[in-house]
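Welcome, and thanks for taking a look at this one with us.

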Amino acid sequence: MSQNVYQFIDLQRVDPPKKPLQLRKIEFVEIYEPFSEGQVKAQADRCLDCGNPYCEWKCPVHNYIPNWLKLANEGRIIEAAELSHQTNSLPEVCGRVCPQDRLCEGSCTLNNDFGAVTIGNIERYINDKAMEMGWRPDMSHVKSVNKRVAVIGAGPAGLACADVLTRNGVSVTVFDRHPEIGGLLTFGIPSFKLEKDVMIKRRELFEGMGIEFRLNVEVGQDITMQSLIDEYDSVFLGVGTYQSMRGGLSNEEAEGVYDALPFLIANTRKTMGFEALAEQPYLDMQGKRVVVLGGGDTAMDCVRTSIRQGATNVICAYRRDEANMPGSRREVKNAREEGVDFQFNLQPLGVEIDGSGKVIGVKMVRTEMGPADAAGRQQAQSVAGSEHVIAADAVILAFGFRPHSMPWLAEFNVELDATGRIVAPEAANNAFQTSHPKIFAGGDAVRGSDLVVTAIAEGRKAAEGILDYLEV
Ligand code: FAD
Ligand code: SF4
């Protein structure tokens, strides 16, 4: 690293350049260009190498951030990638999609006064570059322990669990109902945030490590849970949460009202060249006035997908103000640049329909922010007499997700909490073990919808729990 300890003053934080707006609005490709080697070295050099790195503590997988920043600064990319993989199973993904402003970068010592180190983009660079240079995990020292584990779900939780188990000599088979690995990384998060070949490369890398993927296989339909319990020494559930929440609006089932996730999944299947599913047809927003209800990351992905499909007008309506919006600030800014019209303090009351039952608008009432609730979050209160209708040809509901029902799990005595989440405590004797000793679980299915990096953290810890259980 440079001898100049005030490097962070002389050299400003720089984010990678974005693709031209006109292209961004029509293409399903990542909007950020990668950093150049020179930019990475210079930006990594801004790290103060604090004695007690807050970034590392705030990162849910506790990446050795200052250490790999130093290696990146010195151009030692392969070593940086090795170190990065000691704590993270999908670092190139986290570098792209983590809300860094709330996690590592938000707690960087330089954040408030000088601009945080661009940790996420350097993490992305290190790992993309290393793979490009031919780096693959060295498995030559791994000895088989003669144990087999089935992982249900190839999302970040399942993949992280499979990664750690495989590196410890366990033979792992991952089952997923989708035709590609990634879970929501592939079929939820659109390509303008995470291009699909990132997961394809990752699958090839995992396969090279010895992980077997059985795709297009739905447990409970194509294969029974009992057969997995019988055939494997342990089973990990990384099945996510897939029940879309509804708003209780009148006419919510009308033609032209869509749930966010099926809309995004069908769009991704089309961009990846997969056939549309009968139960999830491709929904085209071209030439439509679209209103998206919600203010989280899913809502941001829906508005930006609608723009790229050629919608004439896209409104994001959220019941609180901008300061109380849960979505990543970075993605709100990107959506605004791409032409999304944000309308805050609007509470939907119902969907307006024409005589044939088709959507023509959303009835809204204005809100103002009231006092904070017990969780410290300000509540939106309706303003009497402010009801009005926003015209729309399509309405997309992005109110979040709750656990879906899993009848195929019912007979295995796996305890669920009142909201349907799988009970698998981190502090259990064998971390993330469920009430069935052979079954472990982690990710959204256990904690509720959250983040990619928290799912990875839980998948990795559950793998440690499984190793303890298997006594290897
Ligand atoms: P999932 O990713 O949901 O994976 C579960 C997998 O299990 C799926 O592949 C599913 O097909 C499979 N499965 C389920 N049941 C079965 C079965 N019976 N048989 C076979 N396979 C089965 N997080 C971020 O950090 N940054 C973001 O920018 C971000 N954007 C998001 C955008 C959207 C639209 C959504 C919906 C979420 C977003 N998230 C984001 C959240 C993040 O994607 C999730 O928290 C994370 O993917 C959860 O990982 P998981 O492995 O627990 O579950
Ligand atoms: Fe930051 Fe996420 Fe990478 Fe951790 S995994 S260093 S939180 S970008």
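## A helix pair

H5 passes H6 in a left-handed crossing, meaning that the near helix is turned anticlockwise from the far one by less than a right angle. Helices here are DSSP runs of H or I with at least four residues, strands are E runs of at least two, and both are numbered from the N terminus. The contact of H5 with H6 involves 6 nonpolar, 2 polar and 1 charged residues. Nonpolar covers Ala, Val, Leu, Ile, Met, Phe, Trp, Tyr, Cys and Pro, charged covers Asp, Glu, Lys and Arg, and the others, Gly among them, are polar.

## How the model is read

This is a predicted model, in which local features need pLDDT of at least 70, side-chain atom pairs count only at pLDDT 80 or more, and totals for chains, interfaces and linings use all residues. Residues are numbered from 1 along each chain as its sequence is written, while chains are lettered from A and ligands numbered from 1 in the order in which they are written.

## Ligand 1

Around ligand 1 there are 39 residues, and Gly 153, Gly 155, Gly 183, Gly 240 and Gly 443 come nearest (a residue counts if its C-beta atom, placed from the backbone, lies within 6 Å). By class, this shell has 19 nonpolar, 12 polar and 8 charged residues.

## Ligand 2

Ligand 2 has 15 residues around it, with Cys 59, Cys 94, Cys 98, Leu 103 and Cys 104 nearest. H9 gives the largest share of this shell, 3 residues.
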